[in-house]
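Colleague: I would like to learn how to read the features of a structure like this one. Could you take me through it step by step?

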Amino acid sequence: MNDVLDHAPDEATHDGGDEGARTGTPGGVWTGSWVAERLGVELAGDGRLTELLGLALRRNPKRAHLLVSNVLGKHVPQSPAVVYGHGVALGRRVRDLLGEEEAGAAVVLGYAETATGLGHSVADGLGTAPYLHSTRRPVAGVPRAGGFEESHSHATSHLLLPEDPALLAGPGPLVLVDDEFSTGNTVLNTVRALHARYPRRRYVVVALVDMRSPEDAGRLEEFAREIGARVDLVTAASGTVRLPDGVLEKGRELVTRFEGTAPGARRADAGPRPPAGPVTRVDLRWPAGLPDGGRHGFTEAHRARLEAALPDMAARLEAALPGDARRVLVLGFEELMYAPLRLAHALEQAVDAEVRYSTTTRSPVLAVDDPGYAIRTRLVFPAHDDPADGPGERYAYNVAGAGFDAVVAVVDSAADTPALHAPDGLLARLAAHIPHVLLAVVPSYVPAAAHAPERPPMLPEPLRGPAFSSYAPEEVGWLLQDLSDVTLEAPTEEREEAIQRGGAHYAESLPVEYQPGEQYQELFRTALEESAARLAQAVGAVTELVLAERSPRPVLVSLARAGTPVGILMRRWARFRHGLDLPHYAVSIVRGRGIDANALRWLAAHHDPADVVFVDGWTGKGAITRELADALRAFEASDGVTGFDPEIAVLADPGSCVRTYGTREDYLIPSACLNSTVSGLVSRTVLRADLVGPHDYHGAKFYRELAGSDVSVAFLDAVSARFPEVVDAVGARVEDLLAADRTPTWEGWKAVERISEEYGIHDVNLVKPGVGETTRVLLRRVPWKVLARAGAGRDLDHVRLLAGQRGVPVEEVADLPYTCVGLIHPRFTRGATGADGRAVTV
């Protein structure tokens, strides 16, 4: 496996004409024909094989031929979109193979040096998978988490140096990525070494091409049985290389004969050179602390930060290029493949010039100026990163004579040494053949010292359906602990008395789940049918505001549980309108106790806090808005983590408490009509000291037994089905919102304070404004009365029905800023009598 890897240095270099080196198949000639004709090597397989591969020769005692990929971006300059697209497509196939739940738990491992960028691209295609690649560069202070050997490569030792060793310790699938799958030895060595230390039940091998012989084909299945795990294989094409007897001797003879003697060939690094122009340094403004690749691990949070920064970095490269450049090469450096690839891809999208991408390599390959040979030219230069195995030659193939007007050399800071800038160094070699040379240096990421303070116990991954909640696993991850087996419910009146006496907090127990009768369920269905389009428009508007003002790839974090259906709908809109698969989680926030700090710690470890957007269903008086802001300030002080924005995005903001909303109308959001049966069968969150320790998430229950009454997905589907018809209305609404003054006025809070005093309650926590909050009062608390705005229509049908069932009066009030307000029974005890609830004092 991985034919194009580190080998002993070679000497000669050949150069060819411009046009011949530009394409893998000039004039329709397969770039493997030269080797096939002279060695009798036969490439047999499916129809795509010769499109993906050419053939070359190298000096290696174990293998004479070299399979040269036309889509890997290593030896053959290729469109970055093609290179990246092949990796992402393979990643999506892996995701389809695994299913959303297992894909969400997968880790991707790529092989150095050739497949580091391919593996990273596969991880991108998977969506959320963290990525690690093996390396041949030891890093002081970073202990090995594993290693393995690659038998057919000259430089065989692979190191695994994750910053967080737990990256390899999870139970989810391990996805191993290489450019080609030839014998299977490397995969077997890898799995054998890792399985002994981090056993798991599933592995997936990914390669551009499967080139195993019939003898090797059965070894993988046999090995899987041996270790008791499943091993799948995903490739873009398959075939075999048929080698005649004596091919190694013939190959060595050919290499010796053609080195420096091929007709018409000349050394691209020898002889008279045009004077080299100055090298232009480009400051990319690479994000501080962002890893340059997967040598020590690359998480979803890192991926999000890179995506956000790429447009600006590409703009900096574009500004530094000469205006008349029509053909530009972005040249990466050995293991540093992914960062240059993504920069090249972003540049390709930004400029009119033709952009190509390839990287330098340690692998010595014979260059022959023939259209039927994959390696037309070779630049030779000394290693410039002080490699652990000592000095040696390095190579850049198919660069000289390829007609490039400019080249952007991208190296990491460990490789930005005097040797890079020396008269025989890479930059000088490039300048001898390409008029304009640019240098972009990416900071080499060095993990924190090994003696850093010990971290708290590792937090578990989010809970997902169907194990927890009735939502699909990709719709939301719950940063909660499952308390389904704990009895937490108490009669409503008992809970209310304990809460108002100060002997208990509302989050320490759960109300008995209200089970609606047929009449109420029919009201829900009617309300949903009538309001679905209005809800869809609000969902689209708030999502577009988030994308326009907060982040192009936000991380949606719903405040459980009312925010969860809204977060899922926002995620669906982003996918429907923009093709985005946004991460979405649900976390607990508790009035008076703050947001779950452990959930914040998990989010900060996996995402850029600046991309996190907290989501809720609606605002009432704005208490949770204030609670979140206070909690984030406290978290910043305690943990030193900055960047979380306390601004909540909501579907409806009748209280005028936030800037990011779909509407400020106070109307019925049908998900407020029910409890768990419209929220994935998940309870309200629980925070109790005997159940939630200092390193635990807040808890919640999954009411599996209520599946027969569940309308959670039906609610989501009814709203998202209306997305196509509201596109134009959303566009107009967003234009209005972006132009409007959306500064919060907090008029809802002022109204609540006024009502609290006018009705003699003197506690704003017992005043619940808005249709959604009033519904909660009637379902969960002991209601006293409902205030309804005079003339309120069908939005209050369900409120009137619930109030009638519980014997609660509904009073019409003129000039009420909300459609309705629910009042919790003040000073409640179970022995209280009278409409005012104050006959028994506390």
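Modeller: Gladly. Helices (H or I, at least four residues) and strands (E, at least two) are DSSP runs, numbered from the N terminus. By that rule, the protein has 23 helices and 32 strands. Please keep in mind that this is a predicted model, where local features need pLDDT of at least 70, side-chain atom pairs count only at pLDDT 80 or more, and totals for chains, interfaces and linings use all residues. Residues are numbered from 1 along each chain as its sequence is written, and side-chain values use heavy atoms, with hydrogens and water left out.

Colleague: What share of the residues in the protein is buried?

Modeller: Buried means under 20% relative accessible area, exposed means over 50%, and partly exposed is in between (1.4 Å probe, protein chains only). Here, buried residues make up 60% of the 842 residues. For contacts, the criterion is heavy atoms within 4.5 Å. Among contacts between residues at least 6 apart in sequence, 78% join residues at least 24 apart.

Colleague: How should I read two packed helices?

Modeller: Two packed helices are described by the angle between their axes and the distance between the axes. The axes are lines fitted to C-alpha atoms, for helices over the stretch in contact, and angles run from 0 to 180 degrees between N-to-C directions. Angles under 35 degrees count as roughly parallel, over 145 as roughly antiparallel, 65 to 115 as roughly perpendicular and the rest as oblique. Take helix H16 (residues 563-578) and helix H19 (residues 712-720): their axes come within 10 Å and cross at roughly 40°. H16 and H19 are therefore oblique to each other.

Colleague: Which residues make the contact between H16 and H19?

Modeller: On the H16 side they are Pro 565, Ile 568, Leu 569 and Arg 572, and on the H19 side Phe 715, Leu 716, Asp 717, Val 719 and Ser 720. As for handedness, a crossing is left-handed if the near helix is turned anticlockwise from the far one by less than a right angle, and right-handed if clockwise. H16 passes H19 in a right-handed crossing.

Colleague: At what angle do H17 and H18 pack?

Modeller: Helix H17 (residues 597-606) and helix H18 (residues 623-639) pack at about 65°, with their axes 11 Å apart. H17 and H18 are therefore roughly perpendicular to each other. This crossing of H17 past H18 is right-handed. Ala 597, Leu 600 and Arg 601 of H17 meet Leu 632, Phe 635 and Asp 639 of H18.

Colleague: And the aromatic side chains: how many aromatic pairs are found?

Modeller: Rings of Phe, Tyr and Trp (its six-membered ring) pair if their centres lie within 6.5 Å; planes under 30 degrees apart count as stacked, over 60 as edge-to-face and the rest as tilted. Searching the whole structure gives 12 aromatic pairs. In one of them, Tyr 395 and Tyr 397 have ring centres 5.9 Å apart and planes at 15°, so the pair is stacked. Both of these tyrosines, Tyr 395 and Tyr 397, are buried. In another, Phe 635 and Phe 644 have ring centres 6.2 Å apart and planes at 65°, so the pair is edge-to-face. Phe 635 is buried at a relative accessible area of 4%, and Phe 644 is buried at 10%. Ring pairs also link Phe 468, Tyr 471, Trp 478 and Phe 702 into a cluster.

Colleague: Which charged residue sits over the ring of Trp 746?

Modeller: A charge sits over a ring if NZ of Lys or CZ of Arg is within 6 Å of the ring centre and within 35 degrees of the ring normal. The charged end of Arg 626 sits over the Trp 746 ring, 4.4 Å from its centre. Likewise, Lys 785 lies over the face of Trp 784, at 4.4 Å from the ring centre.
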